[in-house]
Amino acid sequence: MSSLRLRQLREEDADDVARLFVAGWGDARQMGGDEIRQWFHNESFRPENMIVLVDDDDRVVGYFDMWPEEESVDIDVAAPGIWDEALDHAENRARALGAKTVRTFFTEGHEFGGRVADRGYRAIRSSWTMEVDFGVEAPAEPVIPDGIEIRTYRHPDDEQAVYDVVQETFADHWDFHPEPIEQWREFTVKWRNFDPDLWLVAWDGDQVAGASLNYPERADDPGHGFVGTLGVRRPWRRRGIGEALLRRAFAVLHARGPRKVRLSVDADNTTGATRLYERVGMSVLRQSNTWERIL
């Protein structure tokens, strides 16, 4: 019987947990301690769902967290060497929360795939991390469609309009869950790498047609510019606005220093996003899969 104990994550555990993510997931999860420390200031996170496994010396040897969503619970885990034990605890806690299914998400080809398959999980969806490498040469400025103006985001003046655009444009995407603006803020304008000068808003007169929410780097993927969200409202689609926003995002990120830009996209996206990304020179860097188990 294991002698490991469970307890809630503490802020002083941040560096240890970050090392577990790197040890467990390699380049796909280059987590830093500062990122984890910010979790304690995120009002959407519930401390009782952020758990570490510790040995007799209170040394952190594993981590998992749970994000309940209706009748399902998403599990994130970093527990090299004790994957199954961590999953046992996470699944039991999900049952206690009333979950009917659990999901977990990780890169294609990782040994964890065999473990979750043996536990009854099945892969249900894939996403791609795509990348473009510009080198030192600055990317070209985009051609802006007639009647459209791309402006830098103004905070907080544009907050509600951009939030509305994100909720509307992603409403028909797979596994979309509407979120209140308070929760959205926690992961966008209150996040430590938020920079309003990198957010771009496409205006048609006094109406917002689309937006691109860009970051100097992704939290667990440092060293590359990151397009976190790109969305165009349905009435303005098929007019080149998404491409104009994306190309302008490349330019503003490159001016900040990153020579590579990455983004994540649903591999089965129905809006033509993957074709757009390929057209502007992006290619698939890696694939990640969502796995689900019925409890």
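View 1. Phe 64 stands opposite Val 77 in strand 4. Strand 3 (residues 60-69) and strand 4 (residues 72-78) run antiparallel and pair over seven bridges. Strands here are DSSP runs of E with at least two residues, helices are runs of H or I with at least four, and both are numbered from the N terminus; two strands pair if DSSP finds at least two bridges between them. This is a predicted model, in which local features need pLDDT of at least 70 and side-chain atom pairs count only at pLDDT 80 or more, while totals for chains, interfaces and linings use all residues. Residues are numbered from 1 along each chain as its sequence is written, and side-chain values use heavy atoms, leaving out hydrogens and water.

**View 2. Asp 76 sits in strand 4.** With a relative accessible area of 18%, Asp 76 is buried (buried means under 20%, exposed over 50%, partly exposed in between, with a 1.4 Å probe and protein chains only). Its side chain makes a polar contact with the side chain of Arg 29 at 2.9 Å (a pair of N or O atoms within 3.5 Å; within protein, one must be able to donate a hydrogen and the other to accept it, and residues adjacent in sequence count only if both atoms are side-chain atoms). Leaving aside residues up to four places away in sequence, Asp 76 touches Phe 21, Arg 29, Tyr 63, Phe 64 and Asp 65; touching means heavy atoms within 4.5 Å.

View 3. Asp 58 is partly exposed, at 31% relative accessible area. Glu 70 is exposed, at 73%.

View 4. After helix 3 comes Gly 98, with a positive phi near 90 degrees.

**View 5. A cis peptide bond joins His 155 and Pro 156.** Omega is about 5 degrees here. Look for Pro 156 in the loop between strand 7 and helix 5 (159-169).
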